[in-house]
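Here is a short report for a reader who is new to this structure. Please look at the chain first, then read on.

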Amino acid sequence: MSYGLYTPLPIPKEPWVNISMNFILGLPKLRKGRDSIFVIVDRFSKMTHFMSYHKTNDVMNIANPFFRDVV
């Protein structure tokens, strides 16, 4: 099966305009019960943020601390 060529992502021109987000799950629980990490990477500067969470948190609890200053 042929799927075609890869298309490269556009190169960002300034920081915090193009980001990637991912989760690291299945970690041992910390004292506060957190067992996952939300990872945000700025594609321009390669700066990262790591936030610990409970795996059962919903998307609003996860996104609000990071995006509250953006809106």
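The report below goes from the overall fold to single residues.

## Overall layout

This is a predicted model. The chain holds one helix and three strands. Along the sequence, the order is β-β-β-α.

How much of the chain is buried? Of its 71 residues, 17% count as buried. Contacts across the sequence can also be sorted by separation. Take those between residues at least 6 apart in sequence: 27% of them join residues at least 24 apart.

## How the strands pair

β2 has a partner in β1 and another in β3. With β1, the pairing is antiparallel and runs over six bridges. With β3, the strands are again antiparallel, and six bridges join them.

I37 shows both pairings at one residue. It stands opposite I24, and in β3 its bridge partner is S52. The strand that holds I37, β2, is mostly covered. Five of the seven residues of β2 are buried.

## The nonpolar core

Which residues make up the largest nonpolar core? There are five: F38, I40, M51, Y53 and I62. Two elements, β2 and β3 (48–53), each give two or more residues to this core. In soluble globular proteins, nonpolar side chains tend to be buried together.

I62 is one of the core residues. Its contacts, leaving aside neighbours within four places in sequence, are F23, F38, Y53 and N57. F38 and Y53 are themselves core members.

D42 sits in strand β2. It is buried, yet it has no salt bridge. The nearest side chain of opposite charge belongs to K46, 7.8 Å away.

What does the side chain of D42 have close by instead? One of its polar atoms lies 2.9 Å from the backbone nitrogen of W16. D42 also touches P15, W16, V17, N18, I19 and M47, not counting residues up to four places away in sequence.

W16 is found in the segment before β1. It is not a glycine, yet its phi is positive, at about 60 degrees. Is W16 buried, partly exposed or exposed? Its relative accessible area is 33%, so W16 is partly exposed.

K46 also has a positive phi, about 65 degrees, although it is not a glycine. K46 lies in the loop between β2 and β3. These two strands form a hairpin, with five residues between them. K46 counts as exposed because its relative accessibility is 58%, and exposed means over 50%.

## The loop between β1 and β2

Where is L27? It belongs to the loop between β1 (19–24) and β2 (36–42). L27 is partly exposed, because its relative accessibility is 33%.

Leaving aside neighbours within four places in sequence, L27 is in contact with D35, S36 and I37. L27 can also be set against K55. The two are 28 residues apart in sequence. In space, their C-alpha atoms are 9.5 Å apart.

Notes
Residues numbered from 1 in each chain as written. Predicted model: local features only at pLDDT ≥ 70, side-chain atom pairs only at ≥ 80, totals over all residues. Heavy atoms only, no water. Helix = DSSP H or I, 4+ residues; strand = E, 2+ residues; numbered from the N terminus. Buried < 20%, exposed > 50% of the residue type's maximum accessible area, 1.4 Å probe, protein only. Contact = heavy atoms within 4.5 Å. Lys, Arg positive; Asp, Glu negative; His and termini not counted. Salt bridge = Lys/Arg side-chain N within 4 Å of Asp/Glu carboxyl O. Polar contact = N/O pair within 3.5 Å; in protein donor to acceptor, adjacent residues only side chain to side chain. Core = buried A, V, L, I, M, F, W, Y, C linked by side-chain atoms within 4.5 Å. Pairing = 2+ DSSP bridges.
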